[in-house]
Amino acid sequence: PPSREFADRFVIFSGGKLEYRKGQDIVIAAFRAFRQRHPEALLVTAWHNFWHDYLAGIETMGHVRGIPQIGADRSLHISQWLAENGIPPTVAIDLGVVPNPLLAQILREADVAVLTNRGEGGTNLVAMECMACGVPTILSANTGHLDLIESNCCYPLTTQRRVKPLPPFVGVEGWGESDVDEVVEVLEDVYQHRSEARERGRMAAKWMQNWTWNKQVEKLLGQLQNFLN
(Lines give C-alpha, C1' and ligand atoms only; values in the text may rest on other atoms or scores of the structure.)
Protein backbone atom coordinates (compact mmCIF):
# COMPACT_ATOMS: atom_id res chain seq x y z
CA PRO A 1 0.00 0.00 0.00
CA PRO A 2 1.13 3.61 -0.54
CA SER A 3 2.80 5.47 2.31
CA ARG A 4 0.95 8.68 1.31
CA GLU A 5 4.25 10.53 1.59
CA PHE A 6 2.94 13.05 -0.93
CA ALA A 7 -0.20 13.66 1.13
CA ASP A 8 -2.87 15.36 -0.97
CA ARG A 9 -0.84 15.61 -4.18
CA PHE A 10 -2.12 13.88 -7.32
CA VAL A 11 0.99 11.92 -8.33
CA ILE A 12 1.64 11.27 -12.03
CA PHE A 13 4.53 8.90 -12.81
CA SER A 14 6.35 8.67 -16.12
CA GLY A 15 9.33 6.43 -16.79
CA GLY A 16 11.64 5.30 -19.57
CA LYS A 17 14.85 6.73 -20.97
CA LEU A 18 14.40 10.22 -22.35
CA GLU A 19 14.23 10.15 -26.14
CA TYR A 20 11.97 10.90 -29.09
CA ARG A 21 10.74 7.30 -29.28
CA LYS A 22 9.51 7.31 -25.68
CA GLY A 23 7.43 10.47 -26.17
CA GLN A 24 8.16 12.27 -22.92
CA ASP A 25 7.66 15.59 -24.73
CA ILE A 26 3.97 14.65 -25.03
CA VAL A 27 3.83 13.94 -21.29
CA ILE A 28 5.33 17.36 -20.54
CA ALA A 29 2.80 19.16 -22.74
CA ALA A 30 -0.10 17.23 -21.19
CA PHE A 31 1.10 17.82 -17.63
CA ARG A 32 1.42 21.55 -18.22
CA ALA A 33 -2.19 21.69 -19.36
CA PHE A 34 -3.49 19.36 -16.63
CA ARG A 35 -1.75 21.38 -13.91
CA GLN A 36 -3.71 24.45 -14.98
CA ARG A 37 -6.81 22.58 -13.84
CA HIS A 38 -5.26 20.91 -10.81
CA PRO A 39 -2.35 22.81 -9.20
CA GLU A 40 -1.81 19.97 -6.71
CA ALA A 41 -0.64 17.64 -9.49
CA LEU A 42 2.91 16.32 -9.06
CA LEU A 43 4.97 14.87 -11.91
CA VAL A 44 7.48 12.17 -10.89
CA THR A 45 9.91 11.14 -13.61
CA ALA A 46 12.46 8.36 -14.06
CA TRP A 47 13.85 9.50 -17.41
CA HIS A 48 17.60 9.13 -17.12
CA ASN A 49 19.30 8.07 -20.33
CA PHE A 50 22.86 6.77 -20.49
CA TRP A 51 22.87 7.08 -24.30
CA HIS A 52 22.93 10.83 -24.80
CA ASP A 53 22.96 10.68 -28.60
CA TYR A 54 19.31 9.63 -28.46
CA LEU A 55 18.28 12.88 -26.78
CA ALA A 56 18.54 14.79 -30.04
CA GLY A 57 15.26 15.56 -31.74
CA ILE A 58 12.83 15.29 -28.84
CA GLU A 59 12.15 19.00 -29.24
CA THR A 60 11.21 18.77 -32.93
CA MET A 61 7.46 18.25 -32.41
CA GLY A 62 7.03 21.61 -30.72
CA HIS A 63 5.97 20.36 -27.28
CA VAL A 64 9.26 21.27 -25.57
CA ARG A 65 12.21 23.57 -26.07
CA GLY A 66 15.74 22.20 -26.19
CA ILE A 67 17.13 19.15 -24.44
CA PRO A 68 18.50 18.70 -20.90
CA GLN A 69 22.06 19.74 -20.18
CA ILE A 70 24.49 16.96 -19.36
CA GLY A 71 26.43 17.23 -16.10
CA ALA A 72 30.09 16.44 -15.51
CA ASP A 73 29.00 13.12 -14.02
CA ARG A 74 27.03 12.36 -17.24
CA SER A 75 23.69 12.84 -15.46
CA LEU A 76 20.87 14.76 -17.13
CA HIS A 77 19.70 18.05 -15.63
CA ILE A 78 16.05 17.14 -16.11
CA SER A 79 14.64 19.32 -13.32
CA GLN A 80 16.27 22.38 -14.86
CA TRP A 81 14.97 21.40 -18.30
CA LEU A 82 11.44 20.93 -16.97
CA ALA A 83 11.59 24.37 -15.34
CA GLU A 84 12.64 25.88 -18.66
CA ASN A 85 9.57 24.22 -20.17
CA GLY A 86 7.07 25.62 -17.70
CA ILE A 87 7.18 22.93 -14.99
CA PRO A 88 8.84 24.36 -11.85
CA PRO A 89 10.61 22.21 -9.22
CA THR A 90 7.67 22.60 -6.83
CA VAL A 91 5.50 20.40 -9.06
CA ALA A 92 8.05 17.89 -10.40
CA ILE A 93 10.50 15.38 -8.98
CA ASP A 94 13.25 13.88 -11.12
CA LEU A 95 14.38 10.55 -9.67
CA GLY A 96 17.52 10.23 -11.76
CA VAL A 97 18.90 6.70 -11.92
CA VAL A 98 16.74 4.35 -9.84
CA PRO A 99 17.95 0.84 -8.91
CA ASN A 100 15.28 -1.47 -10.25
CA PRO A 101 14.56 -3.23 -6.92
CA LEU A 102 13.54 0.15 -5.45
CA LEU A 103 11.11 1.05 -8.21
CA ALA A 104 8.08 -0.57 -6.58
CA GLN A 105 8.47 1.69 -3.53
CA ILE A 106 8.14 4.66 -5.89
CA LEU A 107 5.35 3.28 -8.03
CA ARG A 108 3.14 2.56 -5.03
CA GLU A 109 2.87 6.32 -4.43
CA ALA A 110 1.54 7.05 -7.93
CA ASP A 111 -2.10 7.80 -8.64
CA VAL A 112 -1.53 7.19 -12.34
CA ALA A 113 1.27 6.37 -14.78
CA VAL A 114 1.53 7.94 -18.25
CA LEU A 115 3.47 6.32 -21.10
CA THR A 116 2.94 8.05 -24.43
CA ASN A 117 5.61 6.07 -26.26
CA ARG A 118 5.69 6.51 -30.02
CA GLY A 119 7.07 3.03 -30.59
CA GLU A 120 8.04 -0.08 -28.61
CA GLY A 121 9.86 -3.04 -30.08
CA GLY A 122 8.85 -5.15 -27.08
CA THR A 123 6.08 -4.58 -24.58
CA ASN A 124 7.73 -1.78 -22.56
CA LEU A 125 9.06 -3.05 -19.24
CA VAL A 126 8.21 0.18 -17.39
CA ALA A 127 4.58 -0.17 -18.43
CA MET A 128 4.55 -3.78 -17.26
CA GLU A 129 6.04 -2.79 -13.91
CA CYS A 130 3.45 -0.05 -13.40
CA MET A 131 0.59 -2.38 -14.21
CA ALA A 132 2.00 -5.20 -12.08
CA CYS A 133 2.13 -2.78 -9.12
CA GLY A 134 -1.55 -1.97 -9.62
CA VAL A 135 -0.99 1.59 -10.83
CA PRO A 136 -3.72 2.88 -13.18
CA THR A 137 -1.75 3.19 -16.41
CA ILE A 138 -2.30 5.32 -19.52
CA LEU A 139 -0.78 3.70 -22.63
CA SER A 140 -0.41 4.84 -26.21
CA ALA A 141 -2.24 2.26 -28.33
CA ASN A 142 0.55 1.37 -30.72
CA THR A 143 3.27 -1.23 -31.39
CA GLY A 144 4.28 -3.28 -28.33
CA HIS A 145 1.79 -1.57 -26.05
CA LEU A 146 -1.01 -3.29 -27.94
CA ASP A 147 -0.03 -6.60 -26.33
CA LEU A 148 -0.53 -5.06 -22.88
CA ILE A 149 -3.87 -3.40 -23.56
CA GLU A 150 -6.58 -5.64 -22.15
CA SER A 151 -10.20 -4.63 -21.56
CA ASN A 152 -10.54 -2.42 -18.46
CA CYS A 153 -6.94 -3.06 -17.36
CA CYS A 154 -5.52 0.27 -18.49
CA TYR A 155 -6.41 3.52 -20.27
CA PRO A 156 -5.50 3.29 -23.98
CA LEU A 157 -4.81 6.44 -25.97
CA THR A 158 -6.67 5.58 -29.16
CA THR A 159 -5.77 8.65 -31.22
CA GLN A 160 -2.52 7.68 -32.90
CA ARG A 161 -1.35 9.84 -35.78
CA ARG A 162 1.47 9.06 -38.17
CA VAL A 163 4.92 9.59 -36.71
CA LYS A 164 7.57 11.73 -38.36
CA PRO A 165 10.77 9.71 -39.02
CA LEU A 166 13.69 11.17 -37.10
CA PRO A 167 17.24 9.77 -37.17
CA PRO A 168 18.20 7.38 -35.76
CA PHE A 169 14.53 6.33 -35.80
CA VAL A 170 13.89 6.09 -39.54
CA GLY A 171 11.70 2.97 -39.64
CA VAL A 172 8.56 4.22 -37.92
CA GLU A 173 5.83 2.22 -39.66
CA GLY A 174 3.22 1.26 -37.08
CA TRP A 175 4.37 3.88 -34.58
CA GLY A 176 1.84 6.36 -33.20
CA GLU A 177 1.75 10.03 -32.19
CA SER A 178 -0.53 10.47 -29.17
CA ASP A 179 -2.80 13.50 -28.89
CA VAL A 180 -1.97 15.86 -26.01
CA ASP A 181 -5.63 16.81 -25.49
CA GLU A 182 -6.61 13.15 -25.19
CA VAL A 183 -3.90 12.58 -22.57
CA VAL A 184 -5.23 15.51 -20.55
CA GLU A 185 -8.81 14.23 -20.73
CA VAL A 186 -7.81 10.72 -19.67
CA LEU A 187 -5.85 12.17 -16.75
CA GLU A 188 -9.00 14.10 -15.83
CA ASP A 189 -11.01 10.88 -15.97
CA VAL A 190 -8.60 9.20 -13.56
CA TYR A 191 -8.63 12.27 -11.30
CA GLN A 192 -12.42 12.43 -11.15
CA HIS A 193 -13.02 8.69 -10.77
CA ARG A 194 -10.38 7.45 -8.33
CA SER A 195 -12.24 4.31 -7.24
CA GLU A 196 -12.71 3.15 -10.84
CA ALA A 197 -9.06 3.88 -11.56
CA ARG A 198 -7.92 1.84 -8.58
CA GLU A 199 -10.11 -1.04 -9.76
CA ARG A 200 -8.45 -0.89 -13.18
CA GLY A 201 -5.11 -0.98 -11.40
CA ARG A 202 -6.13 -4.10 -9.50
CA MET A 203 -7.29 -5.75 -12.71
CA ALA A 204 -4.00 -4.81 -14.38
CA ALA A 205 -2.01 -6.42 -11.58
CA LYS A 206 -4.04 -9.60 -12.01
CA TRP A 207 -3.65 -9.47 -15.82
CA MET A 208 0.12 -9.12 -15.49
CA GLN A 209 0.28 -12.47 -13.71
CA ASN A 210 -0.13 -13.94 -17.20
CA TRP A 211 3.23 -12.40 -18.12
CA THR A 212 5.52 -14.31 -15.78
CA TRP A 213 8.57 -15.93 -17.35
CA ASN A 214 7.19 -19.41 -16.68
CA LYS A 215 3.88 -18.74 -18.43
CA GLN A 216 5.43 -16.93 -21.38
CA VAL A 217 8.03 -19.65 -21.95
CA GLU A 218 5.27 -22.27 -21.85
CA LYS A 219 3.44 -20.33 -24.58
CA LEU A 220 6.62 -20.09 -26.64
CA LEU A 221 7.32 -23.81 -26.34
CA GLY A 222 3.74 -24.54 -27.33
CA GLN A 223 4.16 -22.50 -30.50
CA LEU A 224 7.52 -24.09 -31.30
CA GLN A 225 6.01 -27.54 -30.88
CA ASN A 226 3.88 -26.89 -33.98
CA PHE A 227 7.08 -26.65 -36.02
CA LEU A 228 8.77 -29.66 -34.41
CA ASN A 229 5.97 -32.15 -35.10
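Trainee: What do the residues lining the second largest pocket divide into?

Mentor: They divide into 10 nonpolar, 1 polar and 6 charged. Keep in mind that this is a predicted model.

Trainee: How many residues line that second largest pocket, and which lie nearest its centre?

Mentor: The lining has 17 residues. Arg 108, Ala 110, Gly 134, Pro 136 and Arg 198 are the ones nearest the centre.

Trainee: Which helix gives the most to that lining?

Mentor: Helix α6, residues 194-207, gives the most to the lining of the second largest pocket, with 4 residues.

Trainee: And how much space lies in the second largest pocket?

Mentor: About 340 Å³. The largest pocket holds about 500 Å³.

Trainee: What lines the largest one?

Mentor: The largest pocket has 20 lining residues, and those nearest its centre are Gly 16, Lys 17, Ala 46, His 48 and Val 126. By type, the lining of the largest pocket divides into 10 nonpolar, 6 polar and 4 charged residues.

Trainee: Which elements supply at least two residues of that lining?

Mentor: Strand β1 (10-15) and helix α4 (125-132) each do. Of the elements, α4 gives the most to the lining of the largest pocket, with 3 residues.

Trainee: Changing topic. How many aromatic pairs does the structure hold?

Mentor: It holds 8. One of them is Phe 34 with Tyr 191, an edge-to-face pair with 6.0 Å centre to centre and 75° between the planes.

Trainee: Why does that pair tie together parts that are apart in sequence?

Mentor: Phe 34 lies in helix α1 (residues 24-37) and Tyr 191 lies in helix α5 (residues 180-192), so the pair ties together parts 157 residues apart in sequence.

Trainee: Are Phe 34 and Tyr 191 buried or exposed?

Mentor: Phe 34 is buried, and Tyr 191 is buried too.

Trainee: What about Trp 207 and Trp 211, why is that pair edge-to-face?

Mentor: Their ring planes stand at 80°, with the centres 6.3 Å apart, so the pair is edge-to-face. The cut-off for that label is an angle over 60 degrees.

Trainee: Is Trp 207 buried or exposed?

Mentor: Trp 207 counts as buried, because its relative accessibility is 18% and the limit for buried is under 20%. Trp 211 has 21% relative accessibility, so it counts as partly exposed.

Trainee: Which residues do ring pairs link into a cluster?

Mentor: Tyr 20, Tyr 54, Phe 169 and Trp 175 are linked that way.

Trainee: Which charged end sits over the ring of Tyr 191?

Mentor: That of Arg 194, at 4.5 Å from the ring centre. Tyr 191 is also the partner of Phe 34 in the edge-to-face pair. Elsewhere, the charged end of Arg 200 sits over the ring of Tyr 155, 4.1 Å from its centre.

Trainee: What span should the helix have, and how far apart are its ends?

Mentor: At 1.5 Å a residue, the 16 residues of α7 (residues 213-228) should span 22 Å, and the end C-alpha atoms are 22 Å apart, which agrees.

Trainee: Where is Pro 168?

Mentor: In the loop between β7 (160-161) and β8 (177-178).

Trainee: Which phi does Arg 4 have?

Mentor: Arg 4 has a positive phi of about 60°, although it is not a glycine. Arg 4 lies in the segment before β1, and at 42% relative accessibility it counts as partly exposed.

Trainee: And Thr 143, what is its phi and where does it lie?

Mentor: Thr 143 is not a glycine either, yet it has a positive phi of about 40°. Its place is in the loop between β5 (137-140) and β6 (155-157). Thr 143 is partly exposed, with a relative accessible area of 22%.

Trainee: Last one. Where is Asp 179?

Mentor: Asp 179 is in the loop between β8 and α5. At 19% relative accessibility, Asp 179 counts as buried. Its C-alpha atom is separated by 47 Å from that of Asn 229, which is 50 residues apart from Asp 179 along the chain.

How values were computed:
Residues are numbered from 1 along each chain as its sequence is written. This is a predicted model: local features need pLDDT of at least 70, side-chain atom pairs count only at pLDDT 80 or more; totals for chains, interfaces and linings use all residues. Side-chain values use heavy atoms; hydrogens and water are left out. Rings of Phe, Tyr and Trp (its six-membered ring) pair if their centres lie within 6.5 Å; planes under 30 degrees apart count as stacked, over 60 as edge-to-face and the rest as tilted. Buried means under 20% relative accessible area, exposed over 50%, partly exposed in between (1.4 Å probe, protein chains only). A charge sits over a ring if NZ of Lys or CZ of Arg is within 6 Å of the ring centre and within 35 degrees of the ring normal. On a 1 Å grid over the protein atoms alone, a cavity is a set of points where a 1.4 Å probe fits but cannot get out, and a pocket is an open set with protein on both sides within 12 Å along at least five of seven lines; lining residues have an atom within 4 Å of a point. Grid points are joined across faces, edges and corners, and a volume is the space filled by probe spheres set on the points. Ala, Val, Leu, Ile, Met, Phe, Trp, Tyr, Cys and Pro count as nonpolar, Asp, Glu, Lys and Arg as charged, and the others, Gly among them, as polar. The expected span of a helix is 1.5 Å times one less than its number of residues.
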